[in-house]
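Student: I am new to this structure and would be grateful for a guided reading. May we begin with how its helices are arranged?

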Amino acid sequence: MPMRNLRPSQQGLYDPMNEHDNCGIGFVANIKGKKSYEIITRGLEVLSNMEHRGARGADNVSGDGAGILMQVPHSYYKKLGIKLPLPGKYGTGLLFLPQDETEEKFCIEVLIQILEEEGLEFLQLRDVPTDTNAIGEIARQSEPVIKQIFVGGNYEQDDLERRLYLARKQAESYVRATKMKEKGMFYIPSLSSKVLVYKGMFASDQLGPYYGDLQDSRMESAIAMVHSRFSTNTFPSWDLAQPFRIVAHNGEINTIKGNRLWMQARESLLKSEMYGEDIKKLFPVVEPNKSDSASFDNVLEFLFLTGRSLPHALSMMVPESWNEKNPIPDSLKAFYEYHSTFMEPWDGPASLVFSDGRYIGGTLDRNGLRPSRYVITQDDMIVMGSEVGIQQFKAEEIKEKGRLKPGKLLLVDTQLGIIIPDQEVKSQLTYRNPYQNWLKENRLDLKAIPVEKRVPSDIGDQFEICKTTFGYSKEDFERVILPMASAGQEPVGSMGNDSPIPALSPKPQLLFNYFRQLFAQVTNPPIDSIRENLVMDLTNYIGAVQKNLLDETPQHCKLIRFKSPLITNTDLGKIKKLRHEEFRHASIDTLFKAAENGKGLEDALDSLCQLAEKAVDDNKNYIILTDRNVSKSMAPIPVLLATAAVHHHLIKKRKRMQIGLVVETAEAREVNHFALLIAYGASVINPYMSYAVIDRLVKDGRLSLEYKTARKNYIKAVDKGLLKVMSKMGISTIGSYLGAQIYEALGVSKEVVDKYFTGTSSRIDGVGLKEISEEILCHHTKAFSEQDPFENQDLLNSNGSIHYRKNGEPHSWNPQSIGLLQWSTRTNNYAKFKEYSTIVDQETREPNFLRGYFDFKKNPIDVSEVESAEKIMKRFCTGAMSYGSISKEAHEALAIAMNKIGGRSNTGEGGENSKRFYSSARSSIKQIASGRFGVNTEYLVNADELQIKVAQGAKPGEGGQLPGFKVDKIIAKLRNSTPGITLISPPPHHDIYSIEDLAQLIYDLKNVNPTACVSVKLVSENGVGTVAAGVAKANADLIVISGAEGGTGASPLSSIKNTGLPVELGLAEAQQTLVLNDLRGRIKLQTDGQLKTGRDIVSMALLGAEEFGFATSALVVLGCVMMRKCHLNTCPVGIATQNKELREKFLGRSEWLVNFFTFLAEDCREIMAELGIRKFDDLVGRSDLLVKRRDIKKWKAETIDVQNLFHLPETDGHELNGVNATIKSIGEVLDHDLIKQAEKALHDGEKVWIDKKITNTDRTTGAMLSGKVAALKPKRVLDEDTIHCRFRGSAGQSFGAFLEKGITFKLEGDSNDYIGKGLSGGKIIVNPPVKSKFKPEHQIIIGNTALYGATSGEVYFRGMAGERFCVRNSGAKAVVEGVGDHGCEYMTGGRVVILGSTGRNFAAGMSGGIAYVLNMEGRLDYFCNQSLVALEPVGNLEDIHELQEMIHQHLMLTQSSVASKILTHWEEYLPHFVKVIPYEYKKVLEEKKLRKIHRKLKKAQAQTQVHE
Amino acid sequence: MGNPKGFLEIKRKEAGYRPVRDRIGDFGEVEQTLNLEDRIDQASRCMDCGIPFCHWACPTSSKIPEWQDAVYRENWEEASSILHSTNSFPEFTGRVCPAPCEKSCVLALHNAPVTIRENEASIIEKAFEYGYIKAQAPKKRTGKKIAVIGSGPAGLSVADLLNKAGHSVTVYEKDDAIGGLLRYGIPDFKLDKHVIDRRLEIFIEEGIVFKTNQDVGVEVSFADLEKEYDAICLAIGAMKPRDLQIKGRELEGVHFAMDFLKQQNKVVRGDEFSKEERISAKGKNMVVIGGGDTGSDCVGTSIRQKAKSVLQIELLPKPPEERKENNPWPYWPDTLRTSSSHLEGCKRRWAISSKEFKGENGELKGLVVCQIEWSRDKNGQFKMTEIPGSEEIIEADLVLLAMGFVHPVHEGLVKELGLDLDPKGNIKTNNNGQTSNAKIFCSGDATSGASLVVRAIDSGRKTALSIHQFLEK
């Protein structure tokens, strides 16, 4: 018998915990509850039509999972002749069982026994007909035995459901606890009297064929809920296919780690009258080792079966946003606030469909990032799914079309036969209890508690002691706290981080610095916490005694509310003083005996945990951990360690829910410190030393503000920073961020992490308590001894962690390395270069980098046998640096050099002057970043590589911005914006919220330019390997793994230092995961991040990279001297500046770069010769040639273990490098035919007319045709309307993407997301079919994110659009009859006319262009985000004409009745139009006008003079 | 950093020298000072570089951007304290340092570095003016005693730090006043001697004991010192001048530069010398052999003594005015340097080899020289060849030999102690500045050969730390 191919366990750097999945979901139902087989087949069709949203594994057949949930088909069983009790009196479900017969039998026996114990009767087992041939090899290897069980129970139906639930949970726990070989195969997809789930490891079109039942037309159901999975891996996972028992989920729960821990912590407090003692049988509520969606389902099911309704439970777990920017009733806000005090949101992008057999519905999370569209037909059918068009109906059959809105529910009651709108569902919830009153009477607001006594910020003599003990450096004062307190902003830095990670630093470091923030990439989107702050919230609570989740009492909200996690000394004083019996606290010192070092620290932690536990036992409501009492004998425990230790200890003891954690500390000062404390359990923090420093800065005159204002600024900066840290991971509220542990430990020993930071990953081992305490004692001892005259210390030590100092932190870019590199490349002196590389390699081996631990296995050959430098240089690229961030001179020098050596330069995200496309300064990599600046069709077709920048090393998970002062005329032109106006790149790509979205964008790009290789740039973090596997499955050709240390240009300091991982980890993880999945052979890997020498390149090649990127080093060659001033536009060497005077100082020459890359290649060759490798390809992935150095005996560095980096997965014959990595094709598309039919137009510019049917599986229609049109440039440009296409049907995603000038698309029907993406001059018209019966202006006609990054062209939509209409539009004109949330977001140009309502947050981040909105309800001022824009009446004549003309066009092209009404009643409607115009844009326009007038005036004057 | 655009808005402005006509009439300091506003502007030009190359190039690792910022904020006390954290004598380096920092300043890429040295000088002057420089005797004495032999910049630097660390320090000087080369090597027009006295007063107040006219090995026996002190530091400089043994060397009118300079320093102080003792350039045709700093000092001094003509000759070829390709920023530039003295009316010639002193009646009358050419031999070594027929006689009544120093004086102390020497004749030390005699440390030029004041100061700091650690054991 062959080995069962079960999911691989954690190995090397691969960790199954990191797996992600994204998907397509949908349902079909008959609203009136009429059962039929048609519903099931339609459900299966829906699945097939979403095939492109799922993925297939390396065998190209195995899918990632698909499934269907339906009502129990009682009549079918009757027809099959199965004897059963009446419907509702028995339960049934499929069983996935081990292949091993004994184990199979055992599982069944266990289940039957437990069923009987729960008072249920085992009726029978049925063999489920399946067809193994319908599935792929990988799926087959892990195919379970599938049986169906029938269980009788003569109870009231809800009681029966609870018993079935109890039995199922116990059976699961029981089997899990056994030592069975194949226990992982035992799984019960569902066990219910109401619903039945069929699922498995299928591609979406394999579900039906596999299960014989589903093909039997005798089956019937009124409900079919389906799900198709896109997993990042293709490991066997029948159980992880969806739907689960109640929900199917598209998205990702970002806070899952915290949610699971809190759920675990809650279990001890759960009491239910319904279950009594039985409730313990349900524990653990969350099944271990399952996906986030599965955990979500577990908890939802638990809440549902313990008595809450589905809408209620969902509103608790996925509450909509309810801060002041949201238009919902106060009673509902109170409902949400009340529930938020005892259930944190399950936060992350989520589109959920759910059903209990009677109700079926869907909901979106507060951000609403996943599309959900629905259609209701005249005969009561409702079809909902990720896309429109998954079911086809005749125009006249359709009654209504709509979409789910962020935070809103859609609920169908098939029993009553009605659809219950969100408002009604929610208002019913608010009537359950007097939540508003409960809150008013119980919840205290911190600000409302009266001050008894002010606590001063001045800490007197303790100041000097704290300053030294907690290692405050001059940089902390001046580069961190000062800018925060003066400007309320997080400080900004430049040029990445070239210092060693804390564990490798020769200096003592704060424990905070060892933790790296995780961030969202690809599988879920980061949030824009600034522009989309309506979903963000920092409100938090502490102190409660009653935390039974299953109950609702006024006491639940007996809490103190904090608007921000940072509190002042006086505020802390207030809560210390509270004598109320429900607000009692215990203060615990977080100190250890300095004399006892590591042992002392461990003992102190133990006793700290004991004291905390005792506080809970003594019924205290919160614990204050404090380091105020530091003394000569007592040193401070790192506050992070203390907090995490207490938090985890209490969770383990099931005592965490009873108590709030407050931290009073001198150690925390930066945003990342606070973010860490909260991520590890602290609710509220009082950073008294930061306040003391601010006080000092004010008194010394360094801050010319009042102390109070400065402190306010500081807190504001921290708040903003916290929102950003959360949003990087896609988390909206601090309630769900609390305890979510969104961090990886880097260089902390496994013992410390497992014990005190349980659940955090730490992969290279590292410092233990001994080293940690030594680090503290270094500082602590100093604080209590005389000042040492030999320390070169003035008032404050500058430790050189940001700026180089001779005796400070090592920096790998230092005067010597820069001096020698510039010297050697300018004089073409290889000997000097060797001096450089020798020094740099020596420093690397200090070790300053993880690769410094590597030695190579040698087997020398003569260097002449090694392949040529020319060949090696083809593997070199320059990093993405936009023209805009760097000067034209520098940008072009890079391009010219790379073209000379056959490498590739990367144009970055700022576009490129089209003249360069056809010259030697062409950048062959064209980047597509979230801002889509300058991304048009011509740009895309003139590339060899199209790079999707998902994240960048210096600030992964964040957007960027080009400050207005850098945007000169030329840059503005390239980016289609206005000079002087700040340009914002959103944190997420608004067309990549998930992996299937990325696949879609890749598909788009491959359509536009089928010959270019498509690459995806990721940043090294824990789990990047898994993401890379997903990206490979999404059909990318190349993956770039960027190290977090790299990065040029400006970024927030905390992001430079604390986000992302060293490149070695990410690269090795990606390599290992890709090999494990057998995906490595079909993709290439590139890497970058502080690569400087041949040795660096070879090290990376051995870890798996075949191409290499250089940014900083290339800039250094061109003259960069690491000023770290990119953010100030004052680069004195003319690189990172647009200042004319400074640009003149640029001396760099492309020849120098050619020298540099030649030297690098030669350096590589010499090392390859030592290794005995002739061809570079033979180097790639050979981690077996790496050996760990044994001679590193340095303090902290000795504790690091890099063995995991060398791990080679045991696979048979999986490729180690991209041998088969050819540019992947996209297969057949509609455009092939369009191009054929448009030949005359392409050839001679003749007009052509084309007519086609279209469905939702026809994606990216028009892009390939546009690519052909753009390729005619610069010689030929088509006239308007040359190619005229008419389509009928529901168009797939990205309809008309990158449509070029000269092409007109007219669609009769509707379309999905991303219509007109990157529109480049084309015209799109969408109309409902003529026979439609609904009112078009009230129906949704196009999907979300329409016209994303459009640069020019026109569109007319007769109907409403979804969310983010015209996001980042920079030049297109659009008319539409209504839009969802975030309309015109980040728009920088163009004109938008909206003849209907707008959703929330209209015009957020809009810095250019004009929107005219018909504001009939008069509420635009509320719905509009007015931080950048002004709302004005449409008064001036030019505007009126423009508006009129656009509406007129709309009428002509779409026959819109709204347009007709408006135009015929113009006088009546005009006053209702509002002109939305950005302030800055307005100013620029006015200046332009003034200049024009001046010019005319001058001309006129000149003329009069002539006349005289 | 005060003003991120300072360097764009403000041009480099040097204080400059007093007018030549005016300054050659006296021995007062030639350098002028800027007004306060200009000085602050100059400090604002500092860009607070991510890598401060100035700081890297400075032998004492002065935290230049940090104190520039303090100056910009007009916090002279803070600026002074930052300066002192790496250098006990900013008043010396602020005046006489050739400022490697400025050569490596990023703004030097475009030839307009921050006026780092001048800014340093003004900080320390302001600090004295405002009374920020006060004696700060150590709170506790360790009871350890250290003797420092030699009171030049290295010796003083050692003494200061060890004293601050609580040890009891006695400085022995063989001359009649403290300061070594600072006092008797550098002319007053570059370093006014009250600048040294001002610092010494503070040191005395802080508890350092100075003993002058104490030639150890002569007046004081070394054995006694060894008995009395826990550690001894030699900071005796590299005082052995390089000689020129050519025909006529014995003629009256050929002197070592240092004898000449020292005497003038004493004259300025008010000492008097007999006609026979006096070495004066007054009314003479005078030639300085050697193109370095000492030579330049001789030029300035001779001009002030009203020499008839002054010529400075140098064996090496004339350096380029601009950096050569193989001598790039941020490294020390081997370019032509012109001091204030050069501007006061002297001729300079390069690639000149001296062949013979010509004299009459035992008195110098001329110098025979010839033009030479430098080339590289096949091993890449420089070698010189005479240009045939280029011989000439230069009229000369006074020739000063300023060709550098070879090593410390061996006679006396060094020989007596039998310390190991390195191949160049300098006192051999390990990385900690310890000589072959564990209790004896050596610092400054005596161990490294003649070099800059700022290097001596830094060497002193390092040696002090080693001694401190030695004593702590």
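Student: How are α18(A) and α20(A) oriented to each other?

Tutor: This is a predicted model in which local features need pLDDT of at least 70, side-chain atom pairs count only at pLDDT 80 or more, and totals for chains, interfaces and linings use all residues. Residues are numbered from 1 along each chain as written, chains are lettered from A and ligands numbered from 1 in written order, and side-chain values use heavy atoms, without hydrogens or water. The axes of α18 (residues 671-679) and α20 (residues 707-728) of chain A, as lines fitted to C-alpha atoms over the stretch in contact, come within 9 Å and cross at roughly 60°. Angles under 35 degrees count as roughly parallel, over 145 as roughly antiparallel, 65 to 115 as roughly perpendicular and the rest as oblique, so α18(A) and α20(A) are oblique.

Student: Which residues of α20(A) does α18(A) meet?

Tutor: Contact means heavy atoms within 4.5 Å. From α18(A), the residues V671(A), F674(A), A675(A) and I678(A) take part, and they meet Y714(A), A717(A), V718(A), G721(A), L722(A) and V725(A).

Student: Is I651(A) buried or exposed?

Tutor: I651(A) belongs to helix α17 (residues 639-652) of chain A. Its C-alpha atom is separated by 5.1 Å from that of A265(A), 386 residues apart along the chain. Buried means under 20% relative accessible area, exposed over 50%, and partly exposed in between (1.4 Å probe, protein chains only). With a relative accessible area of 2%, I651(A) is therefore buried.

Student: Which residue follows α12(B)?

Tutor: Helix α12 of chain B covers residues 194-206. The residue after α12(B) has a positive phi, near 110°, and is G207(B).

Notes: Helices (H or I, at least four residues) and strands (E, at least two) are DSSP runs, numbered from the N terminus. The expected span of a helix is 1.5 Å times one less than its number of residues. Axes are lines fitted to C-alpha atoms, for helices over the stretch in contact, and angles run from 0 to 180 degrees between N-to-C directions.
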